[in-house]
Structures are given as structure tokens and as C-alpha cells.
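Cover the protein chain, the DNA surfaces and the helix packing.

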Number of protein chains: 2
Amino acid sequence: MTPEITVLDRLLEVSELFQKDMARAFAGTPLTPSRTRLLWELAASGPSTQHALATRLEVSPRNITGLVDALEAGGYVTRSPHPSDRRAIIVSLAASAQAFMRDMQRDHAELSAELLGAVAPADRAALLRGVEAIAGRLRELVEAEEQRGEAAEARAVGE
Amino acid sequence: MTPEITVLDRLLEVSELFQKDMARAFAGTPLTPSRTRLLWELAASGPSTQHALATRLEVSPRNITGLVDALEAGGYVTRSPHPSDRRAIIVSLAASAQAFMRDMQRDHAELSAELLGAVAPADRAALLRGVEAIAGRLRELVEAEEQRGEAAEARAVGE
DNA sequence: TATTGTTATACTCTATAACTATA
DNA sequence: TATAGTTATAGAGTATAACAATA
């Protein structure tokens with residue numbers, strides 16, 4: 001009774017291969033998956049406080065301190081004072097990192113196109129719809145889990 | 001010029017959500033993604049030496065030592081001497097973990113079915129073909145990268 | 001009193017290198 | 001001489017808790 005290989009397994013394999021590819025691409029640089037993720041977030045949302053980054057990336061503020069420390073040391077980001085709140089720090093992409101992120105985005109788009117190109121043209125629309133449906137359903141399931149978890153926590157606190 | 005959301009992005013999102021779901025499911029247990037991965041490997045391939053696990057999971061033998069230490073302490077696996085090679089150690093799933101893994105496989109299969117169920121029946125065949133094609137192409141790309149890397153290493157050693 | 005970021009501490013994952021016991 | 005696993009060491013990601021400066 002060997003378990004069947006399912007669509008889900010293939011999706012997870014794609015993600016694993018993708019991460020392997022990234023790791024190889026960034027070997028020899030100070031960029032790690034977590035740091036790269038922070039750079040993507042900065043590229044997408046613009047200069048942000050560390051607190052905002054922690055919230056959006058769903059990690060602890062302490063964790064952001066470490067990631068920003070490393071990225072700042074590598075010249076990828078800069079820290080500057082918040083104009084009105086002297087407790088806060090604004091993290092921005094360094095000028096060179098902006099060009100770097102544009103390259104990353106271009107490479108990512110090219111890879112996406114390359115992979116979609118491997119799919120039979122007649123299958124592409126259904127593939128897109130199908131993946132969208134799977135992502136949507138999984139989002140629902142995870143959200144339901146989260147709410148159940150929060151409810152349990154609230155009960156525990158209330159006791 | 002906001003980057004488009006692509007099939008690849010959706011695939012990566014699915015993987016991220018899946019991992020989030022796993023993390024939630026294993027909260028409060030000593031099971032982490034790496035340890036769970038080792039358990040899956042043992043369930044799939046049967047009792048194995050640590051060296052074999054290191055090779056198949058593509059991590060260092062030292063890393064396996066730590067993972068097996070934790071899993072052994074948690075009662076998930078047992079270490080026993082190799083029958084003919086006194087250097088080697090055989091790692092096996094503990095009896096309780098065998099039942100546990102059957103449950104995991106069942107849950108995984110149910111989740112896969114649930115997600116495929118969210119896809120319009122008419123789209124399913126094309127989805128399967130499409131995801132297979134993407135995984136295949138990405139496998140090729142990563143393999144090509146690997147070989148280029150090895151060639152470069154060989155040149156460096158030869159110098 | 002609440003919030004922002006940091007220091008302190010701890011655990012996990014991971015790797016390389018040196019070492020022990022065995023092959 | 002080569003291999004299996006461990007000890008030693010180190011860097012990275014992550015979390016919580018305590019604390020300083022500011023709101």
C-alpha cells in the first residue's frame with residue numbers, strides 16, 4: 001500500500017526545488033532565505049519600521065533586528081530615524097539593492113514564464129484555475145485552524 | 001509596474017500554507033519540520049543506517065545525529081546495532097511511531113483529496129499534467145545548475 | 001501605561017573539521 | 001586507508017522575557 005503521489009506532493013516538490021535553486025544562486029553571498037524574504041517585503045512595501053516588518057513577515061521584532069543587522073552590514077539596507085517617532089527606525093533598501101531587487105524580480109518573472117512554457121498551451125488556463133482553487137481552499141483551512149487556536153487560547157486565559 | 005502574480009507564486013504560497021498548517025499541528029510536540037522529514041523517510045524506506053539517512057535527506061551525518069537524538073528521546077525512533085558492521089547504527093521507527101506515521105499518511109492523503117476536490121472536475125486532468133510538467137522542467141533546471149556547479153568545483157580543484 | 005527596538009538567554013538546523021572505532 | 005558516527009565549534013533562524021527610551 002504505497003501512498004500515491006498527489007498534486008499536493010508535486011506542488012511541494014516544486015517549492016523544494018525552487019528553494020534549492022535559490023540557495024545555489026545565493027551561495028557565497030550573505031543572503032539567506034529569511035534575509036531575502038525581508039528584501040522582497042521591502043521592495044514590495046517600501047521603507048518600513050522594524051515593527052511593521054515584524055508584523056508583515058509574522059516573526060518577532062527581535063528576529064527582525066538580527067536580519068536587518070546582517071543586511072545592513074552587507075550594504076543591502078539602511079536604517080534611518082523615523083521623522084516623528086524617535087523610538088522607531090525606518091529600514092530602506094540601499095540604492096544598490098534596489099537595482100539588485102529589480103534583477104531578482106526580472107529573474108523570477110523569467111523563471112515563472114519558463115515553467116509555464118513547459119505546460120501544454122491547452123492545459124494552461126485549467127492549471128491556473130486549479131492552482132488558484134487549491135490555494136484558496138488551503139487558505140480557508142489554515143484560517144479556520146488559526147481561529148480555532150485563538151479561541152482555545154482565549155478559553156485558557158479566561159479560566 | 002507591479003509584478004504579476006504567477007502560477008509559480010501560487011505554488012509557493014501553497015507550500016508556505018502547508019508548512020504553516022504542519023507547524024500548527026505539531027505545536028507542543030518535539031516534532032519539527034526536519035525531524036518529521038526524517039520520520040517520513042524512515043516510514044518510506046524502512047530501517048536505515050544514519051549514513052543512509054544523511055545521503056537520502058542530503059544533509060550531513062552530524063545533522064542526522066542530532067535529529068535522531070531528539071527523536072529517540074521523544075520515543076519516535078530506536079537505535080540498534082547493525083548486524084554485520086559494528087561501526088553502523090540502524091535507526092527504526094518505534095512501534096508507536098509506526099501507528100503515528102500511518103495516521104500522518106492518512107491525514108496527508110485526506111488533505112490532498114480535499115484540495116483536489118476544490119478544483120473543478122473538468123480542470124483536474126490538465127492541472128495534474130501541468131504541475132507535472134512544471135516539476136519536470138524545474139528538475140531539469142536545478143540538475144543543470146548542479147552539474148555546472150560541480151564542473152566549476154572540479155576546475156577549481158584541478159588548478 | 002503602551003510601544004519600539006535591543007540585550008540576554010535558549011533551542012533548533014545546519015555545516016566543517018577532528019577524532020574514535022571499525023572495516 | 002576508508003567509512004560510520006560522535007565530539008567540538010560555529011553561524012543562522014527563531015522565540016520569550018527583561019529593559020531602555022520614547023509616546
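Which atom of B:Ser34 is 3.0 Å from a phosphate oxygen of DNA strand C? An N or O atom in the side chain of B:Ser34 is. This is a polar contact, defined as a pair of N or O atoms within 3.5 Å; within protein, one must be able to donate a hydrogen and the other to accept it, and residues adjacent in sequence count only if both atoms are side-chain atoms.

The model is predicted: local features need pLDDT of at least 70, side-chain atom pairs count only at pLDDT 80 or more, and totals for chains, interfaces and linings use all residues. Residues are numbered from 1 along each chain as its sequence is written, chains are lettered from A and ligands numbered from 1 in the order in which they are written, and side-chain values use heavy atoms, with hydrogens and water left out.

**Chain A**

Chain A has six helices and three strands. Helices (H or I, at least four residues) and strands (E, at least two) are DSSP runs, numbered from the N terminus. Along the sequence, the order in chain A is α-α-β-α-α-β-β-α-α. The radius of gyration of chain A is 20 Å, well over the 15 Å that the globule rule gives for 159 residues, so chain A is more spread out than a compact globule. That radius is taken over C-alpha atoms, and the globule rule is 2.2 Å times the number of residues to the power 0.38. The C-alpha trace of chain A spans about 60 × 55 × 30 Å along its principal axes.

**DNA strand C**

DNA strand C is surrounded by 21 residues. The closest are A:His51, A:Thr65, A:Arg87, B:Thr32 and B:Arg86. A residue is near a strand if one of its heavy atoms lies within 4 Å of it. Sugar or phosphate supplies 75% of the atoms of DNA strand C within 4 Å of the protein, and bases supply the rest.

A:His51 uses a polar backbone atom, 2.5 Å from a phosphate oxygen of DNA strand C. Two or more residues each come from α3 (50-57) and α4 of chain A, and from α2 (33-45) and α4 of chain B. The largest share is from α4(B), with three residues. By class, the surface near DNA strand C has four nonpolar, nine polar and eight charged residues. Here Ala, Val, Leu, Ile, Met, Phe, Trp, Tyr, Cys and Pro count as nonpolar, Asp, Glu, Lys and Arg as charged, and the others, Gly among them, as polar.

**DNA strand D**

DNA strand D also has 21 residues around it, the closest being A:Thr32, A:Arg86, B:His51, B:Thr65 and B:Arg87. Sugar and phosphate make up 75% of the atoms of DNA strand D that come within 4 Å of the protein.

| Residue | Protein atom | Atom of DNA strand D | Distance |
|---|---|---|---|
| B:Gln50 | polar side-chain atom | phosphate oxygen | 2.8 Å |
| B:Arg87 | side-chain N or O atom | base oxygen | 2.6 Å |
| B:Ile89 | polar backbone atom | phosphate oxygen | 2.9 Å |

Elements giving two or more residues to this surface are α2 (33-45) and α4 (61-73) of chain A, with α3 (50-57) and α4 (61-73) of chain B. α4(A) gives the most, three residues. The surface near DNA strand D holds four nonpolar, nine polar and eight charged residues.

**Helix packing**

Helix α1 (residues 7-26) of chain A packs on helix α5 (residues 95-117) of chain B at about 95°, with axes 8 Å apart. Axes are lines fitted to C-alpha atoms, for helices over the stretch in contact, and angles run from 0 to 180 degrees between N-to-C directions. α1(A) and α5(B) are therefore roughly perpendicular; that label covers 65 to 115 degrees, while angles under 35 degrees count as roughly parallel, over 145 as roughly antiparallel and the rest as oblique. In this contact (heavy atoms within 4.5 Å), A:Val7, A:Leu8, A:Asp9 and A:Leu12 meet B:His108, B:Leu111, B:Ser112, B:Leu115 and B:Leu116. Six of these residues are nonpolar, two polar and one charged.

Within chain B, the axes of α2(B) and α4(B) come within 10 Å and cross at roughly 85°. That makes α2(B) roughly perpendicular to α4(B). B:Ser34 and B:Arg35 are among the α2(B) residues in this contact.
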